[in-house]
Amino acid sequence: MASKNDNKLFHQLIQNQSCVKKVTTDIMIFDTKEQTEPEDILAGWKNYFEDLYIINHNTDDETYYNNERFILASMQNEITEQIETIRNEEIKQTNEEEVKLSIQKIKTGKSPGSDGISAEHLQNMPVELLQYTLNIINLILTEKDVPFTLKEDVLTPVLKSGKDKMYAENYRGITVTNSFSTLIESILKDRTEPKLLPQRSKLQDGFTEKSSSLNAAFIVTQCVDYYKEILVQLVLLTLDNQKAFDKLNHEILFNKLYHDFIIGNTWILLKNMYKNVTVKVKWDNTMSQQFIQRQGVRQGAKLSTILYKRYNNNILEALDRADLGATIGNISVRAPTCADDISLLASHKHEIQS
């Protein structure tokens, strides 16, 4: 369609899929071992992310979390799935209007997923294909699962700003999902997000429409000015949750979603969409062998932001309820947060420690 109607877009699509991107670095260090051969670097990336996405229950490991919480969530989810399967509360079928709207919401200018289809392809497809697209999505909603081909993600390591490009831990993995998977997630996001909005912590300013990171920064600067004015010490501690998106446990996440009234077959579908997701790492225009992502959200996917917020809402709510931290008058400003960056404010060090 683009070749007939939009010459500029047509050539942009061709260029996006055929251009060779420059290699970021010729030397990578994985686990203190230096790798220089392209195949060794690619294997290193595969092993790095595969280890990152493995659930670790080793009690001697510093990343160990409460194993009882995981076991309890897993048991509850198993019972929940049995109950919801018997209830069989059908998911509302989609229609042309909803599909068209969701397609227009998908961001353009991004690399295509494993199927080679980009957002531009969906937005410019012939009207005859819309009915086929509609039928496939409705079949997925009925079956409460997506085909395994829609669970094949491509992960690209992206260097964090100002970091040494030779070290793997200085990269974040950005996921490019299959275009159909993106479309389904877009539909489900519009349907489920209103239910989760009341549960969103007021401390969280990241990943939220009409709520900029500047809001969190503004609260911090105003608090600093206020405490200077009243001549009281203010302690500021900034926390960066390392690999926060990659360590999110699926069983605990979906247990929390169910308690937020994401129920019925919609809950089963969401859970199945994260089951047995396979990942290939893309580096220097080559692909690694695939592996299964057993934890973490798919960074870059449509649902990832609201899933992350819901997962970490409890700790922010606990901070909000605690009688600790800084205030401006009678307004609590104890922990302004933007995505996975938290700032703790208090007038005493022991309150920060608490």
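Analyst: A salt bridge is a side-chain nitrogen of Lys or Arg within 4 Å of a carboxyl oxygen of Asp or Glu. D320 and R334 form one, with their closest N and O atoms 3.7 Å apart. This pair links distant parts of the chain, D320 being in helix α12 (residues 304–321) and R334 in the loop between β10 (331–332) and β11 (337–338), 14 residues apart. Helices (H or I, at least four residues) and strands (E, at least two) are DSSP runs, numbered from the N terminus. The model is predicted, so local features need pLDDT of at least 70 and side-chain atom pairs pLDDT 80 or more, while totals for chains, interfaces and linings use all residues. Residues are numbered from 1 along each chain as its sequence is written, and side-chain values use heavy atoms, without hydrogens and water.

User: Why is R334 called buried?

Analyst: Buried means under 20% relative accessible area, exposed over 50%, and partly exposed in between, with a 1.4 Å probe and protein chains only. R334 has 11% relative accessibility, so it counts as buried.

User: How many salt bridges does a search of the whole structure find?

Analyst: The search finds twelve. Among them is a network that links E81, E251 and K271.

User: Are E50 and K46 buried or partly exposed?

Analyst: E50 has 24% relative accessibility and therefore counts as partly exposed. K46 has 16%, so K46 counts as buried.

User: Which residues does K46 touch, not counting residues up to four places away in sequence?

Analyst: K46 touches V281, S288, Q289, Q290 and F291, where contact means heavy atoms within 4.5 Å.

User: How do you know that the salt bridge of K105 and D190 ties together separate parts?

Analyst: The two side chains meet at 3.0 Å, N to O. K105 lies in helix α5 and D190 in helix α8 (residues 179–196), so the pair ties together parts that are 85 residues apart in sequence. K105, at 38% relative accessibility, counts as partly exposed, and D190, at 32%, is also partly exposed.

User: How many disulfides does the structure hold?

Analyst: It holds zero disulfides. C223 is in none, and the nearest cysteine sulfur, that of C338, is 17 Å away. A disulfide is a pair of cysteine sulfur atoms within 2.5 Å, so 17 Å is too far for a bond. With 0% relative accessibility, C223 counts as buried, whereas C338, at 22%, is partly exposed.

User: Why is helix α10 called largely enclosed by the rest of the structure?

Analyst: Seven of the ten residues of α10 (residues 250–259) are buried, so the helix is largely enclosed. The buried residues are H250, I252, L253, F254, N255, K256 and L257.

User: What lies at the start of α10, and what just after α10?

Analyst: At the start, a side-chain oxygen of N249 comes within 3.0 Å of the backbone nitrogen of E251. Just after α10, F261 has a positive phi of about 70 degrees.

User: Where is N88 found?

Analyst: N88 is in the loop between α4 (67–87) and α5 (96–105). N88 is not a glycine, yet it has a positive phi of about 50 degrees. Its relative accessibility is 38%, so N88 counts as partly exposed.

User: Why is K144 called buried?

Analyst: Its relative accessibility is 18%, so K144 counts as buried. K144 is in the loop between α7 (127–143) and β3 (152–159). K144 also has a positive phi, about 65 degrees, although it is not a glycine.

User: How many helices and strands does the chain have?

Analyst: The chain has 13 helices and twelve strands. Its radius of gyration is 23 Å, close to the 20 Å that the globule rule gives for 354 residues, so the chain is as compact as a globular protein of that length. The radius is taken over C-alpha atoms, and the globule rule is 2.2 Å times the number of residues to the power 0.38.

User: What share of the 354 residues counts as buried?

Analyst: The share is 43%. Of the contacts in the chain with a separation of 6 or more, 73% are between residues 24 or more positions apart.

How values were computed
Polar contact = N/O pair within 3.5 Å; in protein donor to acceptor, adjacent residues only side chain to side chain.
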